[in-house]
Amino acid sequence: MTRLFALTAAIVALTGCPSYDRYDKLDRQDGMVNADTYARYGREEAEKIAIGRAFGQAHHGDDSLDFARQVGTAVAYAHTMPDVVEVRADTAAYFLTVTFKSGWRVAVLPISDGKKPAETPGLPAAK
């Protein structure tokens with residue numbers, strides 16, 4: 001009886017462990033305003049969407065080296081935007097914190113909608 005209880009407890013504990021793959025949940029844009037619609041709200045919004053698309057487009061794997069490359073690509077792209085003052089990468093999650101000249105600070109998540117960053121409507125010319 002004790003062995004059965006221990007086996008049952010072990011099975012329940014192992015099946016109750018969550019998946020730590022958060023990327024797929026962050027990458028999906030379900031329930032959000034369409035990226036192109038959001039980009040038309042203004043110049044900085046368009047830059048935010050373009051950075052998110054560059055971030056999503058750079059995703060090529062799930063190990064730490066792939067993540068470092070992805071973040072590096074997105075940060076480098078963000079620095080080409082004319083209104084971006086500062087970019088900080090969160091090393092424990094999949095987002096960047098971008099500060100614009102206006103003082104607006106926003107989290108940028110990866111966007112994988114199949115469009116290139118340059119296809120974002122309302123995007124100003126790069127630096």
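Reader: Two strands count as paired if DSSP finds at least two bridges between them. On that basis, what is the bridge partner of L96 in β3?
Author: The partner of L96 in β3 is V108. Helices (H or I, at least four residues) and strands (E, at least two) are DSSP runs, numbered from the N terminus.

Reader: Before going on, what sort of model is this?
Author: It is a predicted model, in which local features need pLDDT of at least 70 and side-chain atom pairs count only at pLDDT 80 or more, while totals for chains, interfaces and linings use all residues. Residues are numbered from 1 along each chain as its sequence is written, and side-chain values use heavy atoms, with hydrogens and water left out.

Reader: Back to the strands. How many bridges join β2 to β3?
Author: Four bridges join β2 (residues 96–100) to β3, and these strands run antiparallel.

Reader: And the sheet as a whole, what is the strand order?
Author: The open sheet has three strands in the order β1-β2-β3, with antiparallel pairing. Because β1 and β3 (105–108) stand at the edges with a single partner strand each, one side of each lacks a neighbour in the sheet. From one strand to the next, the twist averages 25° (axes are lines fitted to C-alpha atoms, for helices over the stretch in contact, and angles run from 0 to 180 degrees between N-to-C directions).

Reader: Which strands does α5 lie across?
Author: α5 lies across β1 and β2, and runs at about 170° to β1. Contact means heavy atoms within 4.5 Å.

Reader: Changing topic: how many salt bridges does the structure hold?
Author: There are seven, a salt bridge being a side-chain nitrogen of Lys or Arg within 4 Å of a carboxyl oxygen of Asp or Glu.

Reader: Take R43. Where does the pair E47 and R43 lie?
Author: Both residues lie in helix α4, four residues apart, about one turn of the helix.

Reader: Are they buried or exposed?
Author: E47 is buried at 0% relative accessibility, whereas R43 is partly exposed at 44%. Buried means under 20% relative accessible area, exposed over 50%, and partly exposed in between (1.4 Å probe, protein chains only).

Reader: What about D83 and R43?
Author: Their side chains form a salt bridge at 2.5 Å, N to O. This pair links distant parts of the chain, 40 residues apart: D83 is in the loop between α5 (64–78) and β1 (84–89), and R43 is in helix α4. D83 is buried at 10% relative accessibility.

Reader: Which residues do salt bridges with shared partners join into one network?
Author: They are D36, R53, D113 and K115.
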